[in-house]
Amino acid sequence: MSKDIRTQSLTKPVTVAEYLFKRLHQIGIRSVHGLPGDFNLVALDSLPKAGLQWVGSVNELNAAYAADGYARTKGISALLTTFGVGELSAMNGVAGAYSEHVPIVHIVGCPSTISQRNGMFLHHTLGNGDFHVFANMGAQIACESAKLVKPTEIADQIDHAIRECWIRSLPVYIWLPTDMVEKKIEGQRLDTPIDFTEPKNDPAREDYVVEVVLKYLHAAKNPVILVDACAIRHRVLGEVRDLVKKTSLPVYVTPMGKGAVDETSPTYGGVYAGLGSHPDVAARVEGSDLVLSIGSMKSDFNTAGFSYRTSQLNTIDFHSNYCVVRYSEYPNVRMKGVLRKVVERVDLSTMSRGVPINGVVNEVTKNKDDSKAVTQAYFWPRIGKYFQPGDFVVTETGTANFGIWESKFPSQVTGITQVLWGSIGWSVGAAQGVALGVKDMGKDHRTILFVGDGSFQLTCQEVSTMIRHNLRVTIFLIYNEGFTIERFIHGMEAEYNDIKKWKYTDVPATFGATDKEVKTFVVKTKDELEKLLLDKDFNERKGLQFVELWMPKDDAPRGLKITTEISAKNNARTEE
């Protein structure tokens with residue numbers, strides 16, 4: 001058999017699949033989510049060689065949700081699907097990651113370049129000979145698309161795509177034809193890690209912005225810091241922490257920024273969401289003469305229906321690729337470098353901190369009424385006392401997303417939520433990815449999921465994956481007879497917001513869990529809740545725990561009621 005002269009000059013030949021997967025391992029990924037399909041099967045054989053675990057979710061949508069959760073925990077994740085039917089099923093989850101700046105490397109196994117060139121009438125196609133239609137769709141929700149069809153370019157394409165995924169904190173799309181999987185490329189470059197160094201600002205421009213920021217900060221009488229989601233996604237929490245610690249300024253978070261700062265800090269003031277805020281929080285933020293807004297994402301649900309009452313004239317916005325001081329925008333000046341220099345150069349002797357804030361507490365007694373029922377107002381402050389340092393708290397779109405505003409976190413708690421994209425059912429898959437990410441980091445922290453019964457019914461199969469991988473997850477399933485957030489927007493008694501009641505505590509056993517692998521509970525009263533939350537085994541147990549928590553059908557957190565009322569009015573607007 002003749003030698004392939006195209007690979008003779010390779011110093012360390014490796015297959016394309018090996019190269020790709022070793023790069024994933026090098027950047028910290030240890031588990032790959034997805035489903036097998038005939039266009040990715042041969043590639044899957046190379047995962048173990050790279051030290052990667054195949055997760056194997058129950059459907060591609062759940063796998064995408066799980067990859068989202070994994071990336072929020074470990075910093076980046078990988079998703080592997082098959083051409084057409086698989087990647088389209090995952091697309092909703094990947095789109096959510098794109099909207100919320102979550103970095104996922106989405107790899108799609110596709111038909112061979114030969115089949116494509118010959119226009120073969122293959123399964124999983126539209127039957128029209130167009131093999132690029134799905135890749136074109138995927139490109140709309142990816143910051144970089146790489147079609148691996150030329151072996152001499154593949155290594156460069158892979159490295160560039162992965163770097164863009166990390167630097168821009170957005171999904172990328174990698175198209176892997178079956179006849180490219182085992183092609184040999186140069187493996188020597190694996191000895192050099194991908195450069196994840198973030199682009200530096202132009203020094204002169206950066207220094208000018210820092211000077212302007214400090215001028216207004218030093219002159220302000222009542223400045224505050226407001227931290228949002230992109231501070232988390234674009235990795236500036238270290239700078240935020242140092243800024244808060246050095247200046248002792250009052251610091252607030254948005255709903256999407258929940259967990260971004262230490263809520264035990266004496267300068268932590270709570271959650272700001274416009275009209276959805278507690279009155280004292282709104283008064284302090286909106287009464288400030290300078291808001292240092294870090295990583296803002298001013299979506300409708302993040303701002304309680306665009307109800308901010310802050311002035312741009314009193315705001316400095318720090319973003320991943322630009323800054324805005326009042327009405328002056330500075331493009332290509334990234335917040336990381338600016339914040340670092342602000343921390344270094346701020347003159348505390350000339351800076352005012354305003355009036356000290358009242359500390360945030362979990363208001364349990366204040367919100368405890370005389371009824372036996374577990375109300376939303378009572379539950380969320382009470383669950384705040386259940387949390388422990390190091391917990392990962394996942395909340396579903398709906399009552400949980402809004403209720404968690406009322407919970408004060410201990411230190412080192414990570415809050416994970418999907419406020420902008422808001423795909424119901426996301427949290428179940430995401431919780432699996434979060435718990436697996438925690439496990440892959442070698443940690444034993446709790447992953448705690450709060451999900452409504454309606455949302456749970458969309459993606460409940462991912463409980464099977466939790467069991468399969470022996471993950472430590474405690475699920476609080478809020479049983480309130482349907483889609484509560486939708487009821488408060490429109491159709492409180494409408495049939496379309498109702499669901500069939502399941503035997504929820506039977507779900508883990510249905511998916512094969514033994515009594516040793518899962519413990520289930522039904523909680524209908526405050527006393528039953530209190531007993532459970534104080535139980536030592538419940539607090540410390542490994543593995544899966546499933547709590548069916550009954551709440552009134554027509555009850556909702558304060559923030560949800562305010563936000564949905566505004567949302568309903570926005571939906572009802574018509575042209576005049």
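User: Let's begin with β5. Which residues lie on one side and which on the other, and are they buried or exposed?

Analyst: This is a predicted model. On one side of β5 sit Ile 104, His 106, Val 108 and Cys 110, on the other Val 105, Ile 107 and Gly 109, and all are buried, so both faces count as covered given the cut-off of under 20% relative accessible area.

User: Which strands pair with β5, and in what sense?

Analyst: β4 (residues 77–82) pairs with β5 in the parallel sense over six bridges. Within that pairing, Leu 79 has His 106 as its bridge partner. Between β4 and β5 the chain passes through helix α4 (residues 85–99), giving a right-handed β-α-β crossover. β7 (residues 172–177) also runs parallel to β5, joined by six bridges, with Pro 177 the partner of Cys 110.

User: How should I read a helix such as α12, and which of its residues are buried?

Analyst: An α-helix has 3.6 residues a turn, so residues three or four places apart point the same way. In α12 (residues 335–345), the buried residues are Met 335, Val 338, Leu 339, Lys 341, Val 342 and Val 343. They pack against several elements, including α8, α10 and β12.

User: And the cores: which residues touch the most other members of the largest one?

Analyst: Nonpolar side chains tend to be buried together in soluble globular proteins. Here the largest nonpolar core has 76 residues, and Ile 294, Phe 318, Phe 379, Phe 450 and Phe 476 touch the most other members. The element that gives the most to this core is α8, with six residues. A second, separate core holds 40 residues, among them Leu 20, Leu 80, Cys 143 and Met 180.

Notes. Residues are numbered from 1 along each chain as its sequence is written. This is a predicted model: local features need pLDDT of at least 70, side-chain atom pairs count only at pLDDT 80 or more; totals for chains, interfaces and linings use all residues. Side-chain values use heavy atoms; hydrogens and water are left out. Buried means under 20% relative accessible area, exposed over 50%, partly exposed in between (1.4 Å probe, protein chains only). Helices (H or I, at least four residues) and strands (E, at least two) are DSSP runs, numbered from the N terminus. Two strands pair if DSSP finds at least two bridges between them. A crossover is right-handed if, with the strands pointing away from the viewer, the path from the first strand over the helix to the second runs clockwise. Contact means heavy atoms within 4.5 Å. A nonpolar core is a set of buried Ala, Val, Leu, Ile, Met, Phe, Trp, Tyr and Cys residues joined through side-chain atoms within 4.5 Å.
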